[in-house]
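Dear colleague,

Please find the structure below, together with its sequence.

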Amino acid sequence: MRVAINIISAYKVYAERKIEDLQEKRIVPKMIVRRRLTRSAKIMLYLADKCGFKDGKIVYASAYGELQAAAGITDAILNNSPISPTLFQNSVYNSAPSYFSMLNGDKDEIITISSGMKSSLDALKTASLQALVSGEKVLCVSIECLDIDRIEEVNLCTKYLESGACVVLEIAENEQDAKEIQEYEESGIIESLQDLMRVVNMSKKGFNKVFVEL
Amino acid sequence: MAFINSYESCSCAGNTQELMNAIYSKSTKITLDTSYIKECSVGLGKMKNSDFFEVLNNTTDKVLKKSNLKNFNDSLLIVGSSIGGMKASEKHYFKDNNYKNIDHSKHAISVIQDFLNDKFNFLYTRSISTACTSSGNALLLAKRLIDIGAYKNILVVGADSLCYTTVCGFHALGVLSSKPCTPFDKDREGMNVAEAVAVVLLQDSSYKSNVELLGVGASSDACHMTNPDPKAKGAISSMQKAIQDAGIGLCDVDYINAHGTGTLANDRVEALAIQTLFKNTPVSSTKAVTGHTLGASSLLEGIISCEVIKQNKLPPQTGLLDAENQNINTIKETVQREISFVLSNSFAFGGNNISLVIGVRK
(Lines give C-alpha, C1' and ligand atoms only; values in the text may rest on other atoms or scores of the structure.)
Protein backbone atom coordinates (compact mmCIF):
# COMPACT_ATOMS: atom_id res chain seq x y z
CA MET A 1 0.00 0.00 0.00
CA ARG A 2 1.30 3.40 -1.00
CA VAL A 3 0.45 6.75 0.53
CA ALA A 4 1.39 10.31 -0.35
CA ILE A 5 2.78 12.43 2.48
CA ASN A 6 3.27 16.16 2.82
CA ILE A 7 6.62 17.27 4.20
CA ILE A 8 5.73 20.12 6.50
CA SER A 9 9.25 20.89 7.66
CA ALA A 10 12.66 19.30 7.18
CA TYR A 11 16.19 19.73 8.48
CA LYS A 12 19.54 17.97 8.40
CA VAL A 13 22.82 18.33 10.20
CA TYR A 14 26.15 16.50 10.09
CA ALA A 15 29.84 16.82 10.89
CA GLU A 16 32.99 14.78 10.41
CA ARG A 17 33.48 14.33 14.17
CA LYS A 18 31.16 16.42 16.32
CA ILE A 19 28.32 18.72 15.33
CA GLU A 20 29.04 22.17 16.77
CA ASP A 21 26.48 24.58 18.18
CA LEU A 22 23.46 22.41 18.85
CA GLN A 23 22.13 25.35 20.89
CA GLU A 24 21.92 23.11 23.93
CA LYS A 25 21.84 25.93 26.49
CA ARG A 26 18.87 27.54 24.82
CA ILE A 27 16.98 24.32 24.19
CA VAL A 28 17.78 22.70 27.56
CA PRO A 29 18.42 25.51 30.04
CA LYS A 30 18.87 23.24 33.09
CA MET A 31 22.49 22.14 33.29
CA ILE A 32 21.73 19.08 35.43
CA VAL A 33 19.44 17.75 32.69
CA ARG A 34 21.73 18.82 29.86
CA ARG A 35 24.65 16.89 31.33
CA ARG A 36 22.73 13.61 31.21
CA LEU A 37 21.77 13.87 27.55
CA THR A 38 23.43 11.65 24.97
CA ARG A 39 24.81 13.14 21.77
CA SER A 40 21.87 11.65 19.88
CA ALA A 41 19.44 13.28 22.29
CA LYS A 42 21.10 16.68 21.81
CA ILE A 43 20.97 16.32 18.04
CA MET A 44 17.35 15.19 18.16
CA LEU A 45 16.33 18.13 20.33
CA TYR A 46 18.10 20.46 17.90
CA LEU A 47 16.46 18.93 14.82
CA ALA A 48 12.98 18.90 16.38
CA ASP A 49 13.47 22.54 17.39
CA LYS A 50 14.50 23.45 13.84
CA CYS A 51 11.39 21.68 12.52
CA GLY A 52 9.16 23.40 15.06
CA PHE A 53 7.93 20.14 16.59
CA LYS A 54 7.06 20.10 20.30
CA ASP A 55 4.40 17.49 20.87
CA GLY A 56 2.95 14.44 19.15
CA LYS A 57 3.86 11.04 17.77
CA ILE A 58 7.55 10.35 17.13
CA VAL A 59 9.25 7.77 14.98
CA TYR A 60 12.98 7.67 15.61
CA ALA A 61 15.56 5.60 13.75
CA SER A 62 19.13 4.56 14.35
CA ALA A 63 21.03 1.56 13.04
CA TYR A 64 23.58 1.55 15.85
CA GLY A 65 21.78 3.35 18.67
CA GLU A 66 23.71 4.80 21.56
CA LEU A 67 27.20 3.56 20.71
CA GLN A 68 28.96 5.80 23.19
CA ALA A 69 26.96 4.46 26.13
CA ALA A 70 27.23 0.87 24.92
CA ALA A 71 31.01 1.20 24.48
CA GLY A 72 31.35 2.76 27.94
CA ILE A 73 29.51 -0.15 29.53
CA THR A 74 31.57 -2.85 27.81
CA ASP A 75 34.76 -0.96 28.73
CA ALA A 76 33.68 -0.84 32.37
CA ILE A 77 32.90 -4.58 32.36
CA LEU A 78 36.24 -5.42 30.73
CA ASN A 79 38.14 -3.27 33.23
CA ASN A 80 36.16 -4.44 36.26
CA SER A 81 35.08 -0.84 36.87
CA PRO A 82 31.67 0.17 38.20
CA ILE A 83 29.06 0.83 35.50
CA SER A 84 27.48 4.25 35.62
CA PRO A 85 23.68 3.87 36.01
CA THR A 86 23.26 6.92 33.76
CA LEU A 87 25.34 5.22 31.08
CA PHE A 88 23.14 2.13 31.26
CA GLN A 89 19.86 4.03 31.12
CA ASN A 90 21.24 5.99 28.16
CA SER A 91 22.24 2.84 26.27
CA VAL A 92 18.76 1.94 25.03
CA TYR A 93 17.94 2.81 21.42
CA ASN A 94 14.94 4.93 22.42
CA SER A 95 16.82 7.20 24.81
CA ALA A 96 16.98 10.23 22.46
CA PRO A 97 13.22 10.45 21.79
CA SER A 98 12.56 9.63 25.46
CA TYR A 99 14.60 12.63 26.55
CA PHE A 100 12.64 14.70 24.04
CA SER A 101 9.36 13.48 25.54
CA MET A 102 10.54 14.26 29.09
CA LEU A 103 11.76 17.73 28.24
CA ASN A 104 8.65 18.63 26.25
CA GLY A 105 6.05 16.77 28.31
CA ASP A 106 5.15 14.78 25.19
CA LYS A 107 3.09 11.76 26.31
CA ASP A 108 2.31 10.47 22.85
CA GLU A 109 3.56 7.29 21.15
CA ILE A 110 7.28 6.82 20.48
CA ILE A 111 8.55 4.09 18.17
CA THR A 112 12.24 3.48 17.52
CA ILE A 113 13.26 1.71 14.34
CA SER A 114 16.59 -0.06 13.95
CA SER A 115 16.56 -1.84 10.58
CA GLY A 116 20.24 -1.65 9.73
CA MET A 117 21.02 0.33 6.58
CA LYS A 118 17.35 0.90 5.79
CA SER A 119 16.53 2.32 9.21
CA SER A 120 15.52 5.77 8.00
CA LEU A 121 13.40 4.33 5.17
CA ASP A 122 11.56 2.09 7.61
CA ALA A 123 11.14 5.05 9.94
CA LEU A 124 9.56 6.99 7.09
CA LYS A 125 7.19 4.08 6.39
CA THR A 126 6.31 3.78 10.07
CA ALA A 127 5.82 7.52 10.51
CA SER A 128 3.54 7.54 7.45
CA LEU A 129 1.50 4.69 8.97
CA GLN A 130 1.24 6.57 12.25
CA ALA A 131 0.11 9.69 10.39
CA LEU A 132 -2.42 7.66 8.40
CA VAL A 133 -4.06 5.94 11.38
CA SER A 134 -4.06 9.01 13.62
CA GLY A 135 -4.67 11.80 11.12
CA GLU A 136 -1.95 13.73 12.96
CA LYS A 137 1.42 15.28 12.13
CA VAL A 138 4.31 12.97 12.99
CA LEU A 139 7.97 13.67 13.67
CA CYS A 140 10.30 11.31 11.79
CA VAL A 141 13.95 11.60 12.77
CA SER A 142 17.02 9.49 12.11
CA ILE A 143 20.38 9.97 13.83
CA GLU A 144 23.71 8.17 13.93
CA CYS A 145 26.47 9.08 16.37
CA LEU A 146 29.56 7.01 15.64
CA ASP A 147 32.17 9.28 17.21
CA ILE A 148 33.60 6.92 19.81
CA ASP A 149 37.23 6.12 20.61
CA ARG A 150 38.81 3.73 18.10
CA ILE A 151 35.79 3.81 15.76
CA GLU A 152 38.29 3.64 12.88
CA GLU A 153 38.80 -0.03 13.80
CA VAL A 154 35.35 -0.76 12.33
CA ASN A 155 34.40 2.33 10.33
CA LEU A 156 35.82 2.12 6.83
CA CYS A 157 33.51 4.29 4.74
CA THR A 158 31.53 6.82 6.78
CA LYS A 159 33.07 10.30 6.60
CA TYR A 160 30.59 12.10 8.82
CA LEU A 161 30.50 10.43 12.23
CA GLU A 162 27.61 12.51 13.53
CA SER A 163 24.58 12.99 11.33
CA GLY A 164 20.87 13.54 11.62
CA ALA A 165 17.86 14.15 9.40
CA CYS A 166 14.36 15.08 10.43
CA VAL A 167 10.97 15.75 8.86
CA VAL A 168 7.54 16.57 10.16
CA LEU A 169 5.00 14.86 7.92
CA GLU A 170 1.27 14.37 7.46
CA ILE A 171 -0.85 12.39 5.04
CA ALA A 172 -1.55 14.37 1.86
CA GLU A 173 -5.14 14.91 0.84
CA ASN A 174 -4.39 13.65 -2.67
CA GLU A 175 -1.53 12.26 -4.76
CA GLN A 176 -1.36 15.16 -7.19
CA ASP A 177 2.26 16.23 -7.85
CA ALA A 178 3.59 13.62 -5.38
CA LYS A 179 7.02 12.25 -6.31
CA GLU A 180 8.91 9.06 -5.65
CA ILE A 181 11.90 9.53 -3.34
CA GLN A 182 14.63 10.97 -5.56
CA GLU A 183 18.34 10.12 -5.57
CA TYR A 184 19.41 13.20 -3.65
CA GLU A 185 21.75 11.42 -1.27
CA GLU A 186 24.56 13.06 0.67
CA SER A 187 28.04 11.74 0.02
CA GLY A 188 29.91 10.50 3.10
CA ILE A 189 26.78 10.03 5.22
CA ILE A 190 26.05 6.58 6.62
CA GLU A 191 23.66 4.55 4.45
CA SER A 192 21.11 4.09 7.26
CA LEU A 193 20.32 7.80 7.08
CA GLN A 194 20.29 8.30 3.33
CA ASP A 195 16.59 7.75 2.61
CA LEU A 196 15.52 10.42 5.06
CA MET A 197 18.35 12.68 3.82
CA ARG A 198 16.93 12.31 0.30
CA VAL A 199 13.50 13.42 1.50
CA VAL A 200 15.01 16.39 3.35
CA ASN A 201 16.94 17.34 0.21
CA MET A 202 13.79 16.99 -1.91
CA SER A 203 12.06 19.37 0.47
CA LYS A 204 14.94 21.85 0.15
CA LYS A 205 14.44 21.71 -3.63
CA GLY A 206 10.74 22.43 -3.25
CA PHE A 207 9.36 18.89 -3.61
CA ASN A 208 7.20 18.54 -0.52
CA LYS A 209 4.88 15.72 -1.50
CA VAL A 210 6.38 12.22 -1.49
CA PHE A 211 5.12 8.68 -2.06
CA VAL A 212 5.86 6.17 0.70
CA GLU A 213 5.21 2.42 0.48
CA LEU A 214 3.89 1.22 3.84
CA MET B 1 -8.98 -7.88 12.21
CA ALA B 2 -5.62 -9.31 13.26
CA PHE B 3 -5.86 -13.00 14.04
CA ILE B 4 -3.13 -14.69 16.07
CA ASN B 5 -3.13 -17.90 14.06
CA SER B 6 0.18 -19.51 14.86
CA TYR B 7 2.80 -18.99 17.55
CA GLU B 8 5.65 -20.61 19.44
CA SER B 9 8.19 -19.57 22.00
CA CYS B 10 11.35 -20.65 23.74
CA SER B 11 12.42 -19.36 27.13
CA CYS B 12 14.10 -20.69 30.26
CA ALA B 13 10.83 -22.59 30.81
CA GLY B 14 11.19 -24.41 27.47
CA ASN B 15 8.66 -24.28 24.65
CA THR B 16 5.18 -22.79 24.97
CA GLN B 17 3.56 -25.96 26.29
CA GLU B 18 6.31 -26.45 28.88
CA LEU B 19 6.07 -22.78 29.78
CA MET B 20 2.34 -22.97 30.44
CA ASN B 21 2.82 -26.12 32.55
CA ALA B 22 5.42 -24.26 34.61
CA ILE B 23 3.15 -21.23 35.00
CA TYR B 24 0.13 -23.28 36.13
CA SER B 25 2.23 -25.37 38.52
CA LYS B 26 3.91 -22.23 39.93
CA SER B 27 7.32 -23.62 39.07
CA THR B 28 9.88 -20.89 38.50
CA LYS B 29 12.59 -21.64 35.93
CA ILE B 30 14.97 -18.98 37.17
CA THR B 31 18.41 -20.28 38.08
CA LEU B 32 21.02 -18.66 40.31
CA ASP B 33 24.14 -17.56 38.49
CA THR B 34 27.54 -16.22 39.49
CA SER B 35 29.19 -16.08 36.07
CA TYR B 36 28.08 -12.59 35.03
CA ILE B 37 28.77 -10.60 38.17
CA LYS B 38 31.81 -11.40 40.31
CA GLU B 39 31.12 -12.42 43.92
CA CYS B 40 27.42 -11.90 43.42
CA SER B 41 24.68 -14.41 42.80
CA VAL B 42 21.71 -13.26 40.74
CA GLY B 43 18.65 -15.06 39.40
CA LEU B 44 18.64 -15.36 35.59
CA GLY B 45 16.36 -16.97 33.02
CA LYS B 46 18.62 -18.97 30.70
CA MET B 47 17.43 -20.98 27.71
CA LYS B 48 18.66 -24.59 27.59
CA ASN B 49 20.04 -24.19 24.10
CA SER B 50 22.78 -21.58 24.25
CA ASP B 51 22.82 -21.17 20.44
CA PHE B 52 20.45 -18.20 20.22
CA PHE B 53 20.25 -18.19 16.42
CA GLU B 54 19.47 -21.89 16.29
CA VAL B 55 16.58 -21.25 18.70
CA LEU B 56 15.46 -18.35 16.53
CA ASN B 57 15.49 -20.51 13.41
CA ASN B 58 13.76 -23.49 15.03
CA THR B 59 11.04 -21.44 16.70
CA THR B 60 10.26 -19.56 13.49
CA ASP B 61 10.21 -22.81 11.53
CA LYS B 62 7.69 -24.30 13.98
CA VAL B 63 5.39 -21.30 13.49
CA LEU B 64 5.58 -21.67 9.72
CA LYS B 65 4.75 -25.40 9.95
CA LYS B 66 1.74 -24.73 12.18
CA SER B 67 0.42 -22.06 9.79
CA ASN B 68 -1.51 -22.19 6.53
CA LEU B 69 1.47 -20.67 4.66
CA LYS B 70 3.95 -22.60 2.52
CA ASN B 71 6.57 -19.94 3.12
CA PHE B 72 6.94 -16.34 4.27
CA ASN B 73 7.61 -14.93 0.79
CA ASP B 74 4.59 -12.61 0.89
CA SER B 75 4.88 -11.81 4.60
CA LEU B 76 6.27 -8.79 6.39
CA LEU B 77 8.67 -9.56 9.24
CA ILE B 78 8.72 -7.18 12.20
CA VAL B 79 11.32 -7.89 14.87
CA GLY B 80 11.39 -6.42 18.37
CA SER B 81 14.69 -6.62 20.21
CA SER B 82 16.66 -4.54 22.68
CA ILE B 83 19.97 -6.40 22.40
CA GLY B 84 20.36 -7.49 18.77
CA GLY B 85 23.89 -8.76 18.29
CA MET B 86 25.41 -7.29 21.43
CA LYS B 87 26.31 -10.73 22.81
CA ALA B 88 28.58 -11.50 19.85
CA SER B 89 30.19 -8.05 19.98
CA GLU B 90 30.92 -8.45 23.70
CA LYS B 91 32.59 -11.79 23.04
CA HIS B 92 35.00 -10.25 20.51
CA TYR B 93 35.63 -7.13 22.55
CA PHE B 94 36.33 -8.95 25.81
CA LYS B 95 38.76 -11.27 23.99
CA ASP B 96 40.56 -8.69 21.82
CA ASN B 97 40.07 -5.42 23.72
CA ASN B 98 39.43 -3.76 20.36
CA TYR B 99 36.68 -3.59 17.74
CA LYS B 100 38.63 -5.07 14.84
CA ASN B 101 36.86 -8.43 14.76
CA ILE B 102 33.38 -7.05 15.39
CA ASP B 103 31.16 -7.30 12.32
CA HIS B 104 29.07 -4.11 12.56
CA SER B 105 26.16 -5.71 10.72
CA LYS B 106 26.07 -8.48 13.32
CA HIS B 107 26.25 -6.03 16.21
CA ALA B 108 23.13 -4.11 15.26
CA ILE B 109 19.53 -4.88 16.25
CA SER B 110 18.93 -5.79 12.58
CA VAL B 111 21.08 -8.94 12.83
CA ILE B 112 17.91 -10.83 13.82
CA GLN B 113 15.84 -9.70 10.81
CA ASP B 114 18.81 -10.32 8.50
CA PHE B 115 19.34 -13.83 9.86
CA LEU B 116 15.65 -14.71 9.51
CA ASN B 117 15.42 -13.13 6.07
CA ASP B 118 18.34 -15.26 4.88
CA LYS B 119 16.57 -18.38 6.14
CA PHE B 120 12.95 -17.63 5.21
CA ASN B 121 13.03 -14.92 2.52
CA PHE B 122 10.38 -12.44 3.64
CA LEU B 123 8.71 -9.84 1.42
CA TYR B 124 9.97 -7.01 3.64
CA THR B 125 11.58 -6.77 7.05
CA ARG B 126 11.90 -4.13 9.74
CA SER B 127 13.07 -3.97 13.34
CA ILE B 128 12.02 -2.05 16.41
CA SER B 129 14.05 -1.32 19.51
CA THR B 130 12.25 0.43 22.35
CA ALA B 131 13.94 -1.50 25.16
CA CYS B 132 11.47 -3.72 27.04
CA THR B 133 8.48 -2.77 24.87
CA SER B 134 10.24 -3.62 21.59
CA SER B 135 8.08 -6.59 20.61
CA GLY B 136 4.96 -4.84 21.97
CA ASN B 137 5.57 -1.97 19.58
CA ALA B 138 6.18 -4.56 16.84
CA LEU B 139 2.71 -5.97 17.55
CA LEU B 140 1.21 -2.47 17.58
CA LEU B 141 2.60 -1.77 14.10
CA ALA B 142 1.60 -5.19 12.81
CA LYS B 143 -1.99 -4.76 13.97
CA ARG B 144 -2.28 -1.32 12.40
CA LEU B 145 -0.81 -2.52 9.10
CA ILE B 146 -3.25 -5.44 8.98
CA ASP B 147 -6.19 -3.24 10.03
CA ILE B 148 -5.63 -0.90 7.07
CA GLY B 149 -5.15 -3.79 4.68
CA ALA B 150 -1.50 -3.12 3.88
CA TYR B 151 -0.49 -6.75 4.57
CA LYS B 152 -2.27 -10.06 4.96
CA ASN B 153 0.47 -11.90 6.86
CA ILE B 154 2.90 -10.38 9.34
CA LEU B 155 5.35 -12.43 11.35
CA VAL B 156 6.24 -10.71 14.61
CA VAL B 157 9.36 -11.87 16.42
CA GLY B 158 10.50 -10.85 19.89
CA ALA B 159 14.02 -12.00 20.64
CA ASP B 160 16.68 -11.12 23.17
CA SER B 161 19.60 -13.09 24.51
CA LEU B 162 21.38 -12.73 27.83
CA CYS B 163 24.52 -10.61 27.71
CA TYR B 164 26.90 -8.88 30.11
CA THR B 165 25.68 -5.39 29.21
CA THR B 166 22.14 -6.01 30.41
CA VAL B 167 22.91 -8.21 33.43
CA CYS B 168 25.68 -5.92 34.70
CA GLY B 169 23.72 -2.81 33.70
CA PHE B 170 20.63 -3.77 35.70
CA HIS B 171 22.98 -4.73 38.56
CA ALA B 172 24.39 -1.19 38.41
CA LEU B 173 20.86 0.15 38.77
CA GLY B 174 20.47 -2.00 41.90
CA VAL B 175 17.32 -3.74 40.68
CA LEU B 176 18.42 -7.38 40.36
CA SER B 177 17.06 -10.08 42.62
CA SER B 178 19.42 -12.66 44.13
CA LYS B 179 16.59 -15.20 43.98
CA PRO B 180 13.67 -15.94 41.65
CA CYS B 181 11.69 -12.70 41.53
CA THR B 182 8.43 -12.31 43.47
CA PRO B 183 6.32 -9.70 41.66
CA PHE B 184 3.84 -7.70 43.75
CA ASP B 185 5.10 -9.24 47.01
CA LYS B 186 5.81 -6.94 49.96
CA ASP B 187 9.32 -8.39 50.32
CA ARG B 188 10.30 -8.49 46.64
CA GLU B 189 13.98 -7.92 45.91
CA GLY B 190 13.94 -7.01 42.24
CA MET B 191 13.94 -8.54 38.78
CA ASN B 192 15.58 -11.46 36.94
CA VAL B 193 17.12 -10.74 33.54
CA ALA B 194 16.20 -13.48 31.07
CA GLU B 195 16.31 -14.47 27.42
CA ALA B 196 13.64 -15.71 25.04
CA VAL B 197 12.48 -16.03 21.48
CA ALA B 198 8.78 -15.50 20.79
CA VAL B 199 7.22 -15.76 17.33
CA VAL B 200 3.64 -14.92 16.33
CA LEU B 201 1.97 -15.00 12.92
CA LEU B 202 -0.71 -12.32 12.61
CA GLN B 203 -3.11 -12.68 9.69
CA ASP B 204 -6.11 -10.84 8.36
CA SER B 205 -8.31 -13.93 8.51
CA SER B 206 -8.60 -16.76 11.00
CA TYR B 207 -7.01 -20.18 10.59
CA LYS B 208 -7.62 -22.84 13.27
CA SER B 209 -7.86 -20.03 15.84
CA ASN B 210 -10.32 -17.35 16.76
CA VAL B 211 -7.94 -15.47 19.05
CA GLU B 212 -7.31 -11.92 17.91
CA LEU B 213 -5.08 -9.04 18.80
CA LEU B 214 -8.05 -6.80 19.48
CA GLY B 215 -6.49 -3.68 20.85
CA VAL B 216 -3.20 -1.87 21.26
CA GLY B 217 -2.45 1.18 23.35
CA ALA B 218 0.77 3.13 23.71
CA SER B 219 1.90 6.15 25.69
CA SER B 220 4.94 7.88 27.08
CA ASP B 221 5.41 8.81 30.74
CA ALA B 222 7.45 11.93 29.89
CA CYS B 223 8.78 11.60 33.42
CA HIS B 224 12.06 9.69 34.02
CA MET B 225 14.42 7.47 32.04
CA THR B 226 14.22 4.42 34.31
CA ASN B 227 11.54 5.03 36.92
CA PRO B 228 7.84 5.02 36.06
CA ASP B 229 5.65 8.05 36.66
CA PRO B 230 4.74 7.68 40.37
CA LYS B 231 1.17 8.73 39.57
CA ALA B 232 0.98 5.93 36.96
CA LYS B 233 -0.56 8.21 34.33
CA GLY B 234 1.38 6.61 31.45
CA ALA B 235 0.42 3.07 32.45
CA ILE B 236 -3.21 4.08 32.93
CA SER B 237 -3.23 5.78 29.54
CA SER B 238 -1.81 2.81 27.62
CA MET B 239 -4.32 0.42 29.22
CA GLN B 240 -7.25 2.74 28.52
CA LYS B 241 -6.19 3.18 24.90
CA ALA B 242 -5.82 -0.57 24.35
CA ILE B 243 -9.25 -1.27 25.81
CA GLN B 244 -10.80 1.50 23.75
CA ASP B 245 -9.06 0.20 20.61
CA ALA B 246 -10.48 -3.25 21.33
CA GLY B 247 -13.98 -1.85 21.61
CA ILE B 248 -14.62 -3.41 25.01
CA GLY B 249 -15.17 -2.03 28.49
CA LEU B 250 -12.92 -2.19 31.55
CA CYS B 251 -15.30 -4.67 33.17
CA ASP B 252 -14.92 -7.04 30.18
CA VAL B 253 -11.27 -7.75 30.95
CA ASP B 254 -11.04 -11.24 32.47
CA TYR B 255 -7.35 -11.25 33.35
CA ILE B 256 -4.40 -8.85 33.42
CA ASN B 257 -0.99 -10.23 32.56
CA ALA B 258 1.01 -7.57 34.33
CA HIS B 259 4.42 -6.26 33.37
CA GLY B 260 5.27 -7.15 36.99
CA THR B 261 9.06 -7.18 36.85
CA GLY B 262 9.47 -7.56 40.60
CA THR B 263 11.26 -4.21 41.02
CA LEU B 264 10.04 -1.96 43.80
CA ALA B 265 9.18 0.94 41.50
CA ASN B 266 7.48 -0.93 38.65
CA ASP B 267 5.20 -3.12 40.73
CA ARG B 268 4.12 -0.30 43.02
CA VAL B 269 3.18 1.96 40.10
CA GLU B 270 1.63 -0.77 37.97
CA ALA B 271 -0.50 -1.92 40.91
CA LEU B 272 -1.63 1.68 41.40
CA ALA B 273 -2.57 1.89 37.70
CA ILE B 274 -4.54 -1.36 37.88
CA GLN B 275 -6.21 -0.33 41.12
CA THR B 276 -7.25 2.96 39.52
CA LEU B 277 -8.95 1.30 36.54
CA PHE B 278 -10.15 -2.10 37.73
CA LYS B 279 -12.23 -3.35 40.63
CA ASN B 280 -11.47 -7.03 41.09
CA THR B 281 -9.94 -8.24 37.84
CA PRO B 282 -7.47 -11.10 38.40
CA VAL B 283 -3.84 -10.08 37.96
CA SER B 284 -0.53 -11.94 37.84
CA SER B 285 2.94 -11.56 36.42
CA THR B 286 4.41 -14.57 34.66
CA LYS B 287 7.90 -13.07 34.98
CA ALA B 288 8.14 -14.99 38.26
CA VAL B 289 8.49 -18.08 36.04
CA THR B 290 10.31 -16.70 32.97
CA GLY B 291 12.19 -13.71 34.30
CA HIS B 292 12.17 -10.46 32.37
CA THR B 293 12.93 -11.33 28.77
CA LEU B 294 13.39 -7.62 27.88
CA GLY B 295 12.59 -6.91 24.22
CA ALA B 296 10.95 -10.32 23.83
CA SER B 297 8.71 -9.98 26.88
CA SER B 298 5.66 -8.31 25.30
CA LEU B 299 5.38 -11.01 22.68
CA LEU B 300 6.16 -13.88 25.06
CA GLU B 301 3.42 -12.61 27.35
CA GLY B 302 1.15 -12.14 24.35
CA ILE B 303 1.60 -15.85 23.64
CA ILE B 304 0.89 -16.65 27.30
CA SER B 305 -2.28 -14.56 27.00
CA CYS B 306 -3.38 -16.60 23.96
CA GLU B 307 -2.84 -19.82 25.92
CA VAL B 308 -4.75 -18.47 28.93
CA ILE B 309 -7.73 -17.84 26.64
CA LYS B 310 -7.46 -21.21 24.90
CA GLN B 311 -7.10 -23.13 28.15
CA ASN B 312 -9.62 -20.96 30.05
CA LYS B 313 -7.27 -20.99 33.04
CA LEU B 314 -6.06 -18.00 35.04
CA PRO B 315 -2.33 -18.16 35.83
CA PRO B 316 -1.46 -17.82 39.51
CA GLN B 317 1.17 -15.46 40.87
CA THR B 318 4.21 -17.62 41.49
CA GLY B 319 6.26 -16.67 44.55
CA LEU B 320 3.65 -14.41 46.10
CA LEU B 321 3.39 -14.64 49.90
CA ASP B 322 2.12 -11.27 51.02
CA ALA B 323 0.85 -8.82 48.41
CA GLU B 324 2.03 -5.23 48.85
CA ASN B 325 -1.11 -3.75 47.31
CA GLN B 326 -4.23 -5.36 48.75
CA ASN B 327 -6.46 -3.36 46.41
CA ILE B 328 -5.66 -5.45 43.36
CA ASN B 329 -6.72 -9.05 42.91
CA THR B 330 -3.36 -10.82 42.66
CA ILE B 331 -4.38 -14.45 42.32
CA LYS B 332 -2.44 -17.10 44.20
CA GLU B 333 -3.88 -20.26 42.65
CA THR B 334 -4.85 -21.44 39.16
CA VAL B 335 -8.52 -20.80 38.45
CA GLN B 336 -10.49 -22.51 35.68
CA ARG B 337 -13.10 -20.19 34.15
CA GLU B 338 -14.22 -18.83 30.81
CA ILE B 339 -11.80 -16.19 29.61
CA SER B 340 -12.54 -13.94 26.64
CA PHE B 341 -10.31 -10.89 27.05
CA VAL B 342 -6.79 -10.56 28.43
CA LEU B 343 -4.95 -7.29 28.96
CA SER B 344 -1.15 -7.54 28.82
CA ASN B 345 1.15 -4.71 29.90
CA SER B 346 4.75 -3.88 29.03
CA PHE B 347 6.69 -0.85 30.20
CA ALA B 348 10.20 0.22 29.25
CA PHE B 349 13.06 2.61 29.88
CA GLY B 350 12.27 6.09 28.70
CA GLY B 351 8.71 5.71 29.98
CA ASN B 352 7.62 3.79 26.89
CA ASN B 353 4.34 1.99 27.63
CA ILE B 354 2.42 -0.63 25.65
CA SER B 355 -0.78 -2.47 26.52
CA LEU B 356 -2.37 -5.20 24.41
CA VAL B 357 -5.87 -6.64 24.45
CA ILE B 358 -5.97 -10.21 23.21
CA GLY B 359 -9.24 -12.05 23.04
CA VAL B 360 -12.06 -13.81 21.28
CA ARG B 361 -15.12 -12.04 19.96
CA LYS B 362 -18.37 -13.77 20.83
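Strands here are DSSP runs of E with at least two residues, helices are runs of H or I with at least four residues, and both are numbered from the N terminus; two strands pair if DSSP finds at least two bridges between them. Strand β3(B) runs antiparallel to β4 (residues 42-45) of chain B, and 3 bridges join the two. Opposite B:D33 stands B:V42 in β4(B).

**How the model is to be read**

This is a predicted model, in which local features need pLDDT of at least 70 and side-chain atom pairs count only at pLDDT 80 or more, while totals for chains, interfaces and linings use all residues. Residues are numbered from 1 along each chain as its sequence is written, and chains are lettered from A and ligands numbered from 1 in the order in which they are written.

**Chain B as a whole**

Chain B has 11 helices and 17 strands. Its C-alpha trace spans about 55 × 50 × 40 Å along the principal axes. Of its 362 residues, 63% count as buried, that is, with 20 or more other C-beta atoms within 10 Å of their own, against 12 or fewer for exposed and values in between for partly exposed, the C-beta atoms being placed from the backbone. Among contacts in chain B between residues at least 6 apart in sequence, 79% join residues at least 24 apart; a contact requires C-beta atoms, placed from the backbone, within 7 Å.

**Residue B:L76**

B:L76 lies in strand β5 (residues 76-80) of chain B. This residue counts as buried because it has 23 C-beta neighbours inside 10 Å. Neighbours within four places in sequence aside, B:L76 is in contact with B:F122, B:L123, B:Y124, B:L145, B:Y151 and B:I154. B:L76 and B:D185 are 109 residues apart in sequence and, C-alpha to C-alpha, 41 Å apart in space.

**Where the chains meet**

Contacts link 43 residues of chain A with 49 residues of chain B. On the side of chain A that touches chain B, the elements giving two or more residues are α4 (67-78), α5 (85-89), α6 (95-104), β3 (110-113) and α7 (119-134) of chain A.

With kind regards

Key:
Two residues are in contact if their C-beta atoms, placed from the backbone, lie within 7 Å.
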